[in-house]
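Subject: Structure handover

Hello,

Here is the structure I said I would pass on.

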Amino acid sequence: MPSVSSTSPIETDALIIGAGPVGLFQVFELGLLGIRAHVLDVLPHAGGQCAALYGDKPIYDIPGIPRCTGHELTQRLLQQAAPFAPTFHFQQLVSQLDRMEDGRWQVHTQHGLHFLARTVFIAAGVGAFLPKAPKIEGSESLSHAQWHYQLGSAADYAGHHVLVWGDTDAALEAALALSPSGSHAARSVTLLHRRDVFQALPETVARFRHAVAAGSVQLCIGQPLRVQTDGSRITALDIATPEGTTVLQPCDTVLVLQGLSPKLGPVADWGLAMERKTLSVDTESFATSERGIFAVGDINTYPGKKKLILCGFHEATLAAFAAAHYLHPEQKTPLQYTTSSTLLQQRLDVL
Ligand SMILES: Cc1cc2nc3c(=O)[nH]c(=O)nc-3n(C[C@H](O)[C@H](O)[C@H](O)COP(=O)(O)OP(=O)(O)OC[C@H]3O[C@@H](n4cnc5c(N)ncnc54)[C@H](O)[C@@H]3O)c2cc1C
């Protein structure tokens, strides 16, 4: 599926904020009605909570699928949406949403993308998944080149002594990637965690332990206390060990991978009617308080709301019909069945 990056305004009939399960199904429902969509997410991949929080756990309450993991559901939704060729823009935090005089919505991301959208679908779930960013004494004044929250390009680490702080799957995978045989080989790599037990998948832990035993990754057990610098650059971290001593761990680059946490952040600043950090919607159309903006999935609220994936799918369906009417008030949008409608089958590319 296409993924683009540009700084010029992108004009679209539909823009979906959030590539979680409901945002992905919104692509499908819009596509059936002949509406193409751009999809934005701050994460580097689709799936929202299903991928970020429980990718390998089974889900049992998706209609017609007795059991599938979060990752499998994401793949199935991507496959189902594929005929409608959505354009995904990952690692883009939507920061601004403003109405234009012509009724369109101007959307900006923190990384400089700019859209003019006739309709916007907020499928932002419980908020944007951003890296947890613990601070330690001295880390505030460091540049992004020395203190990272995600694995950058291989060139960022070549020749560096890297300290990876975390015990998630992403942390262990990054340490392996930074080892001499990895894709991002650094001069040396040390993984720092407060105890010798990790949250990562057993298979990842096994590969990591093998690399530690082989000496290609160092393991340091303890809690970071403060950053040591030569004035501008990191030279080491002071680490409190479980034995009650303080040791100096040399490094010149720190990669903090402590997991993700959702931040409602920008959604609350867009002037839309809200109730308890969720967007109020009309249950006939899933329209918000602003014309042309719809809210579906965990981000919305209405009497009887249940934060379940299947409820989000229903909401996306009604929102798509409402958007079709909003975009083309002169046209009727009759209900058609995928089993029997030639038009829908043409759009699905199954004829
Ligand atoms: C542990 C766990 C188990 C669960 N099990 C089940 C289950 O068995 N069955 C079930 O039905 N439900 C289950 N749920 C709930 C289910 O995951 C949610 O209902 C579902 O993920 C909601 O989908 P969504 O698309 O609305 O939002 P999300 O999945 O939260 O996706 C929203 C996406 O929007 C992005 N986003 C938000 N704001 C911005 C922004 N400003 N800019 C860019 N991107 C942004 C986020 O990064 C995220 O990727 C479970 C939840 C958890 C935590």
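The notes below go from the chain as a whole to the ligand site and then to single residues.

The model is predicted, and every value quoted here was computed from it.

The chain

The protein chain has 351 residues, of which 48% are buried. Its secondary structure consists of seven helices and 22 strands.

The ligand site

The ligand sits in the second largest pocket. Around the ligand there are 30 residues, and those that come nearest are Asp 41, Gln 49, Tyr 54, Asp 61 and Asp 298. By type, the shell around the ligand splits into 17 nonpolar residues, nine polar and four charged.

Which elements supply this shell? At least two residues each come from α1 (21–32), α2 (48–52) and β9 (128–131). The largest share is that of α1, with three residues.

A polar backbone atom of Val 22 is 3.1 Å from a ligand oxygen. For Phe 129, a backbone N or O atom is 3.1 Å from an oxygen atom of the ligand. For Ile 309, the distance from a backbone N or O atom to a ligand oxygen is 2.9 Å. As for cover, the ligand taken alone exposes 1,000 Å², and the protein buries 86% of that.

Asp 298, listed above among the residues that come nearest to the ligand, is found in the loop between β21 (293–295) and β22 (300–301). Is Asp 298 buried or exposed? Its relative accessible area is 17%, so Asp 298 falls under the 20% limit and counts as buried. Asp 298 and Ile 122 are 176 residues apart in sequence, while their C-alpha atoms are 9.9 Å apart in space.

Thr 12 belongs to strand β1 (residues 10–17). With a relative accessible area of 9%, Thr 12 is buried. Its side chain reaches the backbone oxygen of Ala 14 at 2.9 Å.

Ala 19 lies in the loop between β1 and α1. The relative accessible area of Ala 19 is 0%, so this residue is buried. Between the C-alpha atoms of Ala 19 and Gly 48 there are 6.0 Å, with 29 residues separating the two along the chain.

Two further loop residues

Lys 57 is in the loop between α2 and β3 (58–59). Lys 57 counts as exposed because its relative accessible area, 53%, is over 50%. Thr 168 is 111 residues from Lys 57 along the chain, and the C-alpha atoms of the pair are separated by 16 Å.

Trp 270 lies in the loop between β18 (260–263) and β19. From Trp 270 to Ala 46 the distance is 24 Å, C-alpha to C-alpha, across 224 residues of sequence.

Positive phi

Most residues other than glycine have a negative phi. Two residues are worth a look with that in mind.

Where is Arg 276 found? Arg 276 is in the loop between β19 (274–275) and β20 (278–280). Its phi is near 45 degrees, a positive value in a residue that is not glycine. Arg 276 is exposed, with a relative accessible area of 80%.

Asp 349 is in the segment after α7 (342–348). Although Asp 349 is not a glycine, its phi is positive, at about 60 degrees. Asp 349 also counts as exposed, at 65% relative accessibility.

Regards

Technical notes:
Residues numbered from 1 in each chain as written. Predicted model: local features only at pLDDT ≥ 70, side-chain atom pairs only at ≥ 80, totals over all residues. Heavy atoms only, no water. Near = heavy atom within 4 Å. Polar contact = N/O pair within 3.5 Å; in protein donor to acceptor, adjacent residues only side chain to side chain. Areas by Shrake-Rupley, 256 points an atom, 1.4 Å probe, with all protein chains shown as cover. 1 Å grid on protein atoms, 1.4 Å probe; cavity = no way out; pocket = protein on both sides within 12 Å on 5 of 7 lines; lining within 4 Å. Sits in = over half its atoms within 2 Å of the grid points. Helix = DSSP H or I, 4+ residues; strand = E, 2+ residues; numbered from the N terminus. Nonpolar A, V, L, I, M, F, W, Y, C, P; charged D, E, K, R; others polar. Buried < 20%, exposed > 50% of the residue type's maximum accessible area, 1.4 Å probe, protein only.
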